[in-house]
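Reader: Could you take me slowly through this protein and show what stands behind each word you use for it?

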Amino acid sequence: MMRRLLLAVALLLMPVPAFAVNPDEVLADPALEARARALSAELRCMVCQNQSIDDSNADLAKDLRLLVRERITDGDSDEAVLNYIVSRYGEFVLLKPRVSMKTGLLWGAPLLLVLAGGLSLLVFARNRAGKPTGSKLTADEQAKLSEMLHRDRTI
């Protein structure tokens, strides 16, 4: 009996994904609704910023969900809907950024900086390896060294 009670409590406390799409937003055509859900999952809620508009309860997210459904029912393709939303809100609205020159530079810059740092360290180490460290011996020091070496050979 106690196990069943604990199991029931555990199931009630288990997190269940909750979608913010209200029943009045759902399209009658299941194919169009599936497209709208897929597009909504790709768009960032500008209020929450870490949720898709499909998961967010913010008013702006609801407006964007309705806008996506409106554009789909008007006959726009998925790409046209995304382009329209990006033109109004910028690239930040996409949860998965598009591959472009800007994003290539964004993702490639750290790699280029690491390579440039490694190359500069290599060049610095090579230049330093060829140069002697310390200074030349004076004539007096050279004479003392020769005398010590000569003494060691005679012993």
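Author: What follows is a set of questions about the words used for this model, with answers that go back to the definitions.

Author: This is a predicted model, in which local features need pLDDT of at least 70 and side-chain atom pairs count only at pLDDT 80 or more, while totals for chains, interfaces and linings use all residues. Residues are numbered from 1 along each chain as its sequence is written, and side-chain values use heavy atoms, with hydrogens and water left out.

Reader: What makes a stretch of the protein chain a helix, and how many helices are there?

Author: A helix is a DSSP run of H or I with at least four residues, a strand is a run of E with at least two, and both are numbered from the N terminus. The protein chain has 6 helices and 0 strands, and along the sequence this gives the pattern α-α-α-α-α-α.

Reader: Why is Ile72 called buried?

Author: A residue is buried under 20% relative accessible area, exposed over 50% and partly exposed in between, with a 1.4 Å probe and protein chains only. Ile72 has 3% relative accessibility and therefore counts as buried. Ile72 has its place in helix 3, and of the 155 residues of the protein chain, 20% count as buried.

Reader: Which residues does Ile72 touch, and what counts as a contact?

Author: Contact means that heavy atoms lie within 4.5 Å. Leaving aside residues up to four places away in sequence, Ile72 touches Leu32, Arg35, Ala36, Leu39 and Val81. For the protein chain, 53% of the contacts with a separation of 6 or more are between residues 24 or more positions apart.

Reader: What makes a group of residues a nonpolar core, and how many residues has the largest one?

Author: A nonpolar core is a set of buried Ala, Val, Leu, Ile, Met, Phe, Trp, Tyr and Cys residues joined through side-chain atoms within 4.5 Å. The largest such core has 18 residues, and those with the most contacts inside it are Leu43, Ile53, Val68 and Ile85. Helix 2 (30-42), helix 3 (59-73) and helix 4 (78-89) each supply at least two residues of this core, and helix 3 gives the most, with 5 residues. In soluble globular proteins, nonpolar side chains tend to be buried together. Ile53 touches Ser40, Leu43, Arg44, Cys45, Ala61, Leu64, Arg65 and Val68, when residues up to four places away in sequence are not counted.

Reader: Why are helix 3 and helix 4 called oblique to each other?

Author: Axes are lines fitted to C-alpha atoms, for helices over the stretch in contact, and angles run from 0 to 180 degrees between N-to-C directions. Angles under 35 degrees count as roughly parallel, over 145 as roughly antiparallel, 65 to 115 as roughly perpendicular and the rest as oblique. The axes of helix 3 and helix 4 come within 10 Å and cross at roughly 140°, and the two helices are therefore oblique to each other. Among the residues in this contact, Leu60 and Leu64 belong to helix 3, and Tyr84 and Ile85 belong to helix 4.

Reader: How do you know that helix 2 and helix 3 are oblique to each other?

Author: The axes of helix 2 and helix 3 come within 10 Å and cross at roughly 135°, and these helices are therefore oblique to each other. The residues that meet here include Leu32 and Ala36 in helix 2, and Val68 and Ile72 in helix 3.
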